[in-house]
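Dear colleague,

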Amino acid sequence: QVQLQESGPGLVKPSQTLSLTCTVSGGSITTNYYYWSWIRQPPGKGLEWMGAVAYSGSTYYSPSLESRTSISRDTSKNQFTLQLSSVTPEDTAVYYCARAGGSNGVRPQDYYGMDYWGKGTLVTVSS
């Protein structure tokens with residue numbers, strides 16, 4: 001059973017960098033052919049896929065966030081991380097990590113292919 005858990009500060013100041021870690025258990029982040037994604041949901045709004053790191057280490061980003069987003073991984077800890085720079089109050093959201101893929105045709109942004117999710121963590125951007 002794969003489990004994912006988000007961790008990091010719940011409050012970030014405007015203009016600073018939001019940093020979160022997803023710790024994975026029950027499966028390796030290097031297992032073919034899965035993607036490990038970050039998704040967020042602002043209060044009262046829909047889900048927004050942010051980006052992902054693949055089993056190979058390749059990264060993929062939403063065009064709308066690519067300029068501010070960096071996703072990396074630490075295979076020795078079975079963790080992957082999210083860095084979102086220059087945050088504003090509009091970045092306030094529940095942030096989720098999730099696993100996607102494993103089957104032909106599944107892309108990192110495909111919600112239907114995300115079989116495991118973390119419970120999410122609320123990050124508030126405020127001074």
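Ring pairs join Trp-36, Trp-38 and Phe-80 into a cluster. Rings of Phe, Tyr and Trp (its six-membered ring) pair if their centres lie within 6.5 Å; planes under 30 degrees apart are stacked, over 60 edge-to-face, and the rest tilted. By this rule there are six aromatic pairs.

The model is a predicted one, in which local features need pLDDT of at least 70 and side-chain atom pairs count only at pLDDT 80 or more, while totals for chains, interfaces and linings use all residues. Residues are numbered from 1 along each chain as its sequence is written, and side-chain values use heavy atoms, with hydrogens and water left out.

Among the six aromatic pairs is the edge-to-face pair of Tyr-35 and Tyr-60, with 5.7 Å between centres and 85° between planes. Because Tyr-35 belongs to strand β4 (residues 34-41) and Tyr-60 to strand β6 (residues 59-61), this pair ties together parts 25 residues apart in sequence. Strands (E, at least two residues) are DSSP runs, numbered from the N terminus. Tyr-35 is buried at 17% relative accessible area, whereas Tyr-60 is partly exposed at 32%; buried means under 20%, exposed over 50%, and partly exposed in between (1.4 Å probe, protein chains only).

Tyr-96 and Trp-117 also form an edge-to-face pair, at 5.7 Å centre to centre and 80° between the planes. Tyr-96 lies in strand β9 (residues 93-101) and Trp-117 in strand β10 (residues 114-117), 21 residues apart.

Yours sincerely

Definitions and conventions
Helix = DSSP H or I, 4+ residues; strand = E, 2+ residues; numbered from the N terminus.
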